Amino acid sequence: MTGERTLVIVDAANVVGSVPDGWWRDRHGAAERLRDSLVPCAAEGLPGHAGPVELVLVVEGAARQVASVPGVRVEAASGSGDDLIAALAAAAQGVRPCVVVTADRGLRQRAEAYGARCTGPRTVRPLPPPRGV
């Protein structure tokens, strides 16, 4: 593998859905908030992958119109977000390190078959504090 930056692919639907904060009322807005929260990760990296990293947020459905921002490239899946994530992981195989952020077991297996390392949503989206704290 070359010295290229680690490719970090974030499964927006899975990560947004990992915290029951009302995201279902505004899927587009929830994806934008996730995108914005990822910006510092582009420079700082993730645990085990020092920054800078190339961050790609894969969106689908109602979130397809979310735009890229400096530090986070947004890729809209024309069909299945899982298929796009697997294709991005396949393209990185043997070229540079790849990390896929998802809790989806089937997607993890697909990405790992291409040499990607997988990590869960808490890597990029910590749980909110308990109510009343």
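How many nonpolar, polar and charged residues does the lining of the largest pocket have? The lining has 9 nonpolar, no polar and 2 charged residues; here Ala, Val, Leu, Ile, Met, Phe, Trp, Tyr, Cys and Pro count as nonpolar, Asp, Glu, Lys and Arg as charged, and the others, Gly among them, as polar.

This is a predicted model, in which local features need pLDDT of at least 70 and side-chain atom pairs count only at pLDDT 80 or more, while totals for chains, interfaces and linings use all residues. Residues are numbered from 1 along each chain as its sequence is written, and side-chain values use heavy atoms, with hydrogens and water left out.

**Stop 1: the pocket**

Select A12, A13, V16, W23, R27, A30, A31, V59, E60, A62 and A63, which line the largest pocket. Helix 1 (12-16) and helix 2 (27-44) are the elements that give two or more residues to this lining. Helices (H or I, at least four residues) and strands (E, at least two) are DSSP runs, numbered from the N terminus. The volume of the pocket is about 170 Å³, taken as the space filled by probe spheres set on grid points that are joined across faces, edges and corners. A pocket is an open set of points on a 1 Å grid over the protein atoms alone, where a 1.4 Å probe fits, with protein on both sides within 12 Å along at least five of seven lines; lining residues have an atom within 4 Å of a point.

**Stop 2: the nonpolar cores**

Next, select V8, V10, L34, L38, L55, L57 and V101, which touch the most other members of the 24-residue largest nonpolar core. Such a core is a set of buried Ala, Val, Leu, Ile, Met, Phe, Trp, Tyr and Cys residues joined through side-chain atoms within 4.5 Å. Buried means under 20% relative accessible area, exposed over 50%, and partly exposed in between (1.4 Å probe, protein chains only). At least two residues of this core come from each of strand 1 (7-11), helix 1, helix 2, strand 4 (54-59), strand 5 (72-76) and strand 6 (98-101). Helix 2 supplies the largest share, 6 residues.

Centre on L34: leaving aside neighbours within four places in sequence, L34 is in contact (heavy atoms within 4.5 Å) with V10, A12, V15, V16 and L57. Another core, of 14 residues, lies apart from the largest one and includes L7, I9, V56 and V100.

**Stop 3: R35**

Move to R35 in helix 2. Is this residue buried or exposed? R35 is buried, at 9% relative accessible area. Beyond its neighbours within four places in sequence, R35 is in contact with L57, V66, A67, V69, V72 and V74. The R35 side chain also meets that of D36 in a salt bridge (2.8 Å, N to O), and D36 is partly exposed at 42%.

**Stop 4: the salt bridges**

The model has 5 salt bridges, each a side-chain nitrogen of Lys or Arg within 4 Å of a carboxyl oxygen of Asp or Glu. Select E54, R73, E75 and R96, which are linked in a network of them. R73 meets E54 at 2.4 Å, N to O. R73 lies in strand 5 and E54 in strand 4, so this pair ties together parts 19 residues apart in sequence. E54 is buried at 16%, whereas R73 is partly exposed at 32%. R73 also forms a salt bridge with E75, with the closest N and O atoms 2.8 Å apart; E75 is partly exposed at 25%.
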